[in-house]
Each structure stands twice: as structure tokens, then as C-alpha cells.
Amino acid sequence: MTTPTSVPRLSRRAESLGTENAFVVLAEVNALVRQGKDIVSFCIGQPDFPTPPNVQEAAIAAIRGGRHGYTPSAGIDELRAAAAKDMGARRALALAPEDVVVGAGAKPFIAYAIASVTDYGAGDEVIYPVPGFPIYESQILANGAVPVPIFLRESRDFAFDPAELEAKISEHTRLLILNTPHNPTGGMLQAADLDAIAAILARHPQIWVFADEIYSRLAYAGAFETLATRPGMLERTIICDGASKTWAMTGWRIGFAANRTLAPVFTRWITNTDSCASQISQWAAVEAIEGPQDAAEAMRASFLERRDLIVGLLNTVPGVTCKTPGGAFYAWPNVTEACRITGCADSEAFRKRLLTEAGVAVLADIHFGRRVPGDGQHIRFSYAAAPAAIREGIARLDAFVRRHR
């Protein structure tokens with residue numbers, strides 16, 4: 001007879017670590033598909049295009065050329081130089097190769113940045129957007145900092161009020177996270193917003209900024225703008241971008257972070273965690289940046305067409321209203337009235353029934369943080385899906401709501 005053994009306790013860090021619900025819902029979708037269910041999925045934010053052929057060929061050439069060992073933790077010189085030139089040119093900034101660090105995707109830099117500028121249990125605060133990418137809050141908590149949400153409001157086209165930012169700042173604030181174009185709403189910070197934010201931060205020199213700009217090439221509502229171009233902001237801003245969205249390279253795991261002071265710190269984090277990004281992927285990314293941009297431009301044009309398609313269709317569904325997103329590939333419709341029509345208590349109940357009764361997979365607002373007070377119920381569609389799938393999915397949504405009118 002064996003004696004039951006007790007499992008040692010986990011750390012507070014492990015217990016507080018959150019997740020990304022898009023992958024949780026994707027598992028639900030896959031389970032239903034295995035049961036033979038017909039599901040139209042809008043839950044994962046990744047381009048549905050193949051990686052451009054020239055990028056694929058560059059990876060094959062790297063393998064055949066023996067370029068598949070370790071690289072310096074900061075990345076190969078060729079990619080750091082290419083990324084610095086590209087990121088700088090698109091932002092009208094002078095970035096040097098030594099300012100840029102290559103990571104295994106852009107996501108790790110969220111954790112590296114928070115860990116580098118806050119201390120565990122010291123009461124250091126991080127201001128972050130809500131709704132927002134769920135890994136922001138997850139990593140704030142896991143790193144022992146204090147999460148301070150700032151709400152993105154529908155009335156402001158899903159930007160926050162700069163006056164609210166100033167009210168949130170305290171002597172303990174160490175980091176502000178900005179995301180433009182924004183996941184999940186598709187909102188964009190405009191020039192006036194960034195000017196106001198820079199003016200506020202000029203009065204609070206202790207605050208770093210993490211500028212999550214992974215969708216910088218997918219801006220439709222005017223030119224893409226970054227806080228880093230404002231006076232005094234470049235030195236304090238961590239610019240984060242990557243290959244995933246622009247060149248359909250999500251699984252290649254290549255991201256970039258640029259900040260002269262923190263580049264050596266991020267390099268040490270990578271040495272401690274991943275050692276380096278895949279050398280094969282790095283050479284592919286060099287080709288993605290320096291090679292022909294026809295495929296990237298075609299993808300952007302297609303996303304813009306899909307945006308207009310899905311927004312137009314959503315606004316014909318009873319009880320649904322959807323603002324036109326300024327960038328990325330997400331729509332964030334308000335379904336408050338649709339929830340009432342269908343007898344759903346909230347957006348999460350609506351999402352679940354939409355999946356099981358209509359075969360449409362979306363995410364609910366609570367998958368991106370607490371609901372914005374007074375803004376009602378929302379769901380997220382990733383329109384990185386074929387136009388035929390968009391038409392079918394919204395037709396199913398429409399039929400689902402109309403059945404209950």
C-alpha cells in the first residue's frame with residue numbers, strides 16, 4: 001500500500017500567472033471540430049496568409065548553409081541592423097543596431113520590460129490599457145508589481161482620456177504600457193493623444209513607457225504615430241515590434257525591442273531564458289525586412305477590405321453596433337442590446353451560446369480585462385479570416401439574434 005504524497009506548494013508568482021484566452025477558446029473550438037461541428041472561428045489573431053515565399057526560401061538557405069547554431073543573445077548583427085533601419089525609417093527616428101534586441105517573438109519583451117523597471121513586492125505600479133492584451137496584466141502580477149488599469153472608452157474611439165492618465169499616476173508609477181494600433185479594439189492613438197501623453201510624462205521623469213507597436217504596419221486611420229518621436233520620449237520609450245503580423249510569421253517567433261539603455265538588460269534576460277532566437281528564423285526575418293514588400297502590402301490591403309466588410313455586416317445585425325477600427329485586424333462590436341434580445345446575461349454568455357448554437361467562435365470582453373464601466377458588453381472578432389468566412393460567420397450571428405427577437 002502506497003502512502004499518498006503531498007505536492008509542494010507553488011509560488012505566488014506561478015499562482016498569479018494568467019493566460020491568453022484566445023488559446024483557451026481555440027481549444028474549445030478544436031474539440032467541437034473533432035466532434036464534427038462546423039465552426040467559423042474569429043478567435044485567433046494571426047494572418048491567414050502563408051509566409052511570403054522569398055522568406056521561406058531564406059530560411060531553407062539558412063538551414064542548408066549550416067546557419068542553425070546559437071547566435072549572440074541580442075541577435076545576429078544583420079538582423080539588428082535591418083530592424084534598426086526599418087523601425088527607425090517608419091518612425092522618423094535614428095535607431096542604431098546596438099539599440100535593438102531580437103527576441104523569440106515580441107511577447108517576451110513585455111515580461112522583460114516589467115521585470116527590468118519594477119521590483120517585486122515594492123509597490124511599483126504599472127499603468128496598462130483595459131481592454132488590452134491579457135499578458136500585460138498577467139506579467140505585471142507575476143512580477144510582483146501593482147496593475148493600474150486605464151480604460152479605453154468607446155466614446156473616444158477606444159483611446160483613453162489623457163486627464164485620466166494624469167489622475168492614475170502616483171509616486172509609485174514606474175511603467176506605462178501603450179498599444180497602438182490596439183488589440184482587441186483596433187483603436188489607434190492619434191497625434192493629439194500622444195502629444196498630451198508626452199506632456200504629462202514630462203512632469204513625471206521616473207516613468208518608463210512600453211510602446212507595443214506590433215501592428216504598426218496595419219494602420220488605416222491616418223499615419224502611424226509613436227510616442228517616441230515626442231521631445232524627451234525616445235530615451236524613456238521601449239519600442240516593441242516584430243515580424244509576426246506584418247509578414248505572417250507568427251510561428252517563426254521573431255520580435256524586436258529598441259531602447260539604448262535597456263538593450264543590454266534585455267540581452268541578459270534572453271541569455272537567462274531563451275539563449276537566443278532561432279537563427280533560421282532570424283535569417284528569414286532579414287529577408288522579410290530587406291526583400292520585396294509586395295506580399296506585406298497585399299496583406300495589408302486585404303485586411304483593410306476585410307475590415308470594411310465585417311464592420312458593414314456587423315452594423316446590420318439587430319442589437320449590434322460596431323465602430324470602424326483604425327488599425328490591426330480586430331473588430332470590437334458592442335453587443336449590449338444583442339445580449340438583451342437573446343436573453344444572455346453578459347457578453348461571455350453570449351459568446352458561449354454563439355459558439356454552441358450558431359457555430360461562431362469569438363472572444364468576450366472579459367478575456368481582455370475587466371469591463372469598462374458604463375461601456376456595455378463587447379465581443380472581439382479577428383478579421384484575419386477569408387471574406388467568405390466573414391460573410392458566413394456574420395450571417396450566422398445575424399440568424400442567431402433574429403431567432404430571439
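The largest pocket here has a volume of about 530 Å³, a volume being the space filled by probe spheres set on grid points joined across faces, edges and corners. This is a predicted model, where local features need pLDDT of at least 70, side-chain atom pairs count only at pLDDT 80 or more, and totals for chains, interfaces and linings use all residues. Residues are numbered from 1 along each chain as its sequence is written, and side-chain values use heavy atoms, with hydrogens and water left out.

**The largest pocket**
- A pocket is an open set of points on a 1 Å grid over the protein atoms alone, where a 1.4 Å probe fits, with protein on both sides within 12 Å along at least five of seven lines; lining residues have an atom within 4 Å of a point.
- Its lining has 30 residues, and Glu 20, Gly 45, Lys 107, Phe 133 and Lys 245 lie nearest the centre.
- Helix 2 (21-34), helix 6 (134-142) and strand 6 (208-212) each give two or more residues to this lining, and helix 2 gives the most, with three.

**Helix 10**
- Helices (H or I, at least four residues) and strands (E, at least two) are DSSP runs, numbered from the N terminus.
- Nine of the twelve residues of helix 10 are buried, so the rest of the structure largely encloses this helix; buried means under 20% relative accessible area (1.4 Å probe, protein chains only).
- Among those buried are Gln 279, Trp 283 and Ile 289.
- The buried residues of helix 10 pack against helix 3 (53-64), helix 4 (77-91), strand 2 (100-103) and strand 8 (255-258), with contact taken as heavy atoms within 4.5 Å.

Key. Buried < 20%, exposed > 50% of the residue type's maximum accessible area, 1.4 Å probe, protein only.
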